[in-house]
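Here is a short briefing to read alongside the model. Have a look at the structure first, then at the notes below.

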Amino acid sequence: MTDAHVLKKRRIGIMGGTFDPIHFGHLVVAEEAYSALRLEEVFFVPTGSPPHKAKTRVSMPEDRYTMTLLATLDNPHFRLSRIEIDRGGSSHTVDTIREMHHWYPPASVEFFFITGMDAVLDILSWKEPFALSRICRIVAAGRPGYSTSALDDLPPEIREAIVPLEIPLLAISSTEIRERVATERSIRYLVPWPVEHFIHKKALYFRHGR
Ligand code: NAP
């Protein structure tokens with residue numbers, strides 16, 4: 001075995017989000033990150049209890065998990081993790097990456113935490129942002145034409161860990177999908193069809209229930 005073999009680190013994506021619901025924008029982000037960053041696989045990690053959404057109504061973790069499972073089933077390099085749902089308490093990304101290092105020792109892996117640009121711009125309010133930027137790269141998915149200049153206001157140690165990624169389809173948002181369901185408009189072609197069926201079957205997001 002050559003030195004190059006010994007030193008080569010695995011490149012693993014960790015796609016973090018509330019996924020309420022997951023939609024095609026998220027799937028395109030994960031697929032684009034997989035190919036552009038030459039990742040081995042991408043773990044989808046639905047948040048258990050998002051600390052920054054304490055005052056917002058968020059669907060049950062099991063429902064968000066199930067929708068993420070249905071949406072990722074047919075892609076062989078997408079995997080799904082219950083790590084934040086099973087840990088309980090507030091979900092902090094730094095704790096998640098540290099826990100994943102139990103299975104992937106730091107010397108053997110480079111983690112790419114993938115999430116939305118808006119979320120990344122708020123990173124200084126997260127738990128231990130400096131420590132987080134030392135243990136993974138942070139991939140910030142933005143809409144086309146989205147300016148990355150706001151990233152330059154972040155401290156240099158954090159800015160250096162961030163990889164901006166422009167995604168055309170990210171114009172779809174979970175907020176818009178919830179509003180469409182609440183006002184009985186179609187979400188066909190915005191989410192995978194099993195997710196659409198699940199939303200209707202469980203009457204998620206309907207203003208008055210069903
Ligand atoms: P959010 O505030 O709901 O979303 C911010 C923006 O990013 C929205 O436009 C959202 O679009 C988009 N987005 C979210 N996840 C995305 C993804 N994986 N790929 C592309 N776009 C995405 O953010 P959130 O979903 O609650 O949080 C994002 C991630 O950051 C989660 O893993 C969360 O745990 C982590 N986070 C950690 C801390 C902490 O450690 N203390 C604090 C905040 C967030 P959609 O609404 O369409 O998804």
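Of the 210 residues of the protein chain, 47% count as buried, meaning under 20% relative accessible area with a 1.4 Å probe and protein chains only, while exposed means over 50% and partly exposed lies in between. This is a predicted model, in which local features need pLDDT of at least 70, side-chain atom pairs count only at pLDDT 80 or more, and totals for chains, interfaces and linings use all residues. Residues are numbered from 1 along each chain as its sequence is written, and side-chain values use heavy atoms, with hydrogens and water left out.

**Overall fold**
- The protein chain has ten helices and six strands, taken as DSSP runs (helices H or I, at least four residues; strands E, at least two) numbered from the N terminus.
- Its C-alpha trace spans about 60 × 40 × 35 Å along the principal axes.
- Among contacts with a separation of 6 or more, 73% join residues 24 or more positions apart; contact means heavy atoms within 4.5 Å.

**Thr-18**
- Thr-18 sits in the loop between β1 (10–17) and α2 (24–36), and it counts as buried because its relative accessibility is 11%.
- Beyond its neighbours within four places in sequence, Thr-18 touches Thr-47, Pro-50, Lys-53, Val-58 and Arg-64.

**Glu-160**
- Glu-160 belongs to the loop between α8 (156–159) and β6 (162–166), and it counts as exposed because its relative accessibility is 63%.
- Val-109 is 51 residues from Glu-160 along the chain, and their C-alpha atoms are separated by 18 Å.
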